[in-house]
Amino acid sequence: MRKTGIALAIALAMGAGAASAANVNGVTFAGGAYFEVGDVYEGSLASDGTVPILAPGDILAGVGRIDTIKDSQGNVTWSRGQNGVYLSYWFDSYKTQAINSAVPATPPFNVIFSGGSIHFYTSAAEFVPTGSFAADKATISAGNLWVDATGATTRLCTAADACLDGVGTPIALDSFILSGSLGSIGSGAGNGLLSFTGGPAQVYLDTNAFPGGSDAALGSSFNSGSATAGYAASGSIDIRGVALPEPATLSVMGLALLGMAGIRRRKAA
């Protein structure tokens with residue numbers, strides 16, 4: 001009786017979890033690990049996105065679109081345009097702290113950023129980059145807020161980093177220009193962490209599942225040679241995180257646990 005009851009409780013919880021997909025503004029994602037893939041268009045804020053990052057103090061800004069969201073098994077739970085919804089984002093406030101290379105003016109360059117914020121919005125029409133960050137930010141922000149995020153600390157600046165704001169400055173994004181130059185990027189990659197801070201999807205995505213209590217890992221690849229839509233660089237972006245199950249699933253799992261507790265009490269009596 002005890003084994004049967006426990007097995008049934010676990011089956012109920014797992015069954016509900018497998019079937020549960022949270023839906024926020026028409027964007028569907030499952031509880032557990034998830035993986036978002038999209039594109040990115042970026043440049044310096046001062047140039048409205050048209051000039052690359054060239055010196056410490058420059059602010060990185062840009063826009064992009066999410067193409068797909070996948071669950072932990074690689075199944076697509078949402079794709080661009082599904083449910084008549086598109087998911088786009090804009091970002092800024094990534095401050096260049098240092099640009100370092102082993103050989104001066106020779107790649108690879110390590111471009112180090114602090115700060116940063118990213119804002120995701122849904123809309124009924126697909127966003128198309130125009131090459132103007134200010135205009136594209138306004139277009140994206142006219143949609144419905146999905147989630148806000150800030151750059152989370154990946155490490156602290158060291159003396160060797162020679163950061164603009166000094167030793168101990170929290171770093172949110174490390175970018176590497178692997179070939180080409182600062183002004184004409186052949187290939188580049190970046191990685192950082194995010195913390196979700198607001199919007200209707202925050203309740204599902206704010207899980208503190210990554211280092212330092214952050215919520216997601218951010219990765220990117222970029223160059224200046226592909227279709228940049230007028231921006232200094234473009235490429236791809238991926239976000240990996242862990243989402244909570246939707247509330248109904250948590251309720252069923254809670255009932256399952258209560259059932260298991262009841263079975264144990266009866267056994268003890």
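Student: Are D39 and R65 buried or exposed?

Tutor: Both D39 and R65 are buried. Buried means under 20% relative accessible area, exposed over 50%, and partly exposed in between, with a 1.4 Å probe and protein chains only. This is a predicted model, in which local features need pLDDT of at least 70, side-chain atom pairs count only at pLDDT 80 or more, and totals for chains, interfaces and linings use all residues. Residues are numbered from 1 along each chain as its sequence is written, and side-chain values use heavy atoms, with hydrogens and water left out.

Student: Why is the contact of D39 and R65 called a salt bridge?

Tutor: A salt bridge is a side-chain nitrogen of Lys or Arg within 4 Å of a carboxyl oxygen of Asp or Glu. For D39 and R65 the N to O distance is 2.8 Å, so the pair meets the rule. D39 lies in strand β3 (residues 32–44) and R65 in strand β4 (residues 59–70), so the pair ties together parts that are 26 residues apart in sequence. Strands (E, at least two residues) and helices (H or I, at least four) are DSSP runs, numbered from the N terminus.

Student: What makes R80 and D67 a salt bridge?

Tutor: Their side chains meet at 2.1 Å, N to O, and the limit is 4 Å, so the label applies. R80 is in the loop between β5 (76–79) and β6 (86–100), and D67 is in strand β4, 13 residues apart.

Student: Why is R80 called partly exposed?

Tutor: R80 has 27% relative accessibility, so it counts as partly exposed. D67, at 26%, also counts as partly exposed.

Student: How do you know that D165 and K95 form a salt bridge?

Tutor: The closest N and O atoms of D165 and K95 are 3.1 Å apart, which is within 4 Å, so the pair qualifies. D165 lies in the loop between β9 (155–156) and β10 (170–171) and K95 in strand β6, so the pair ties together parts that are 70 residues apart in sequence.
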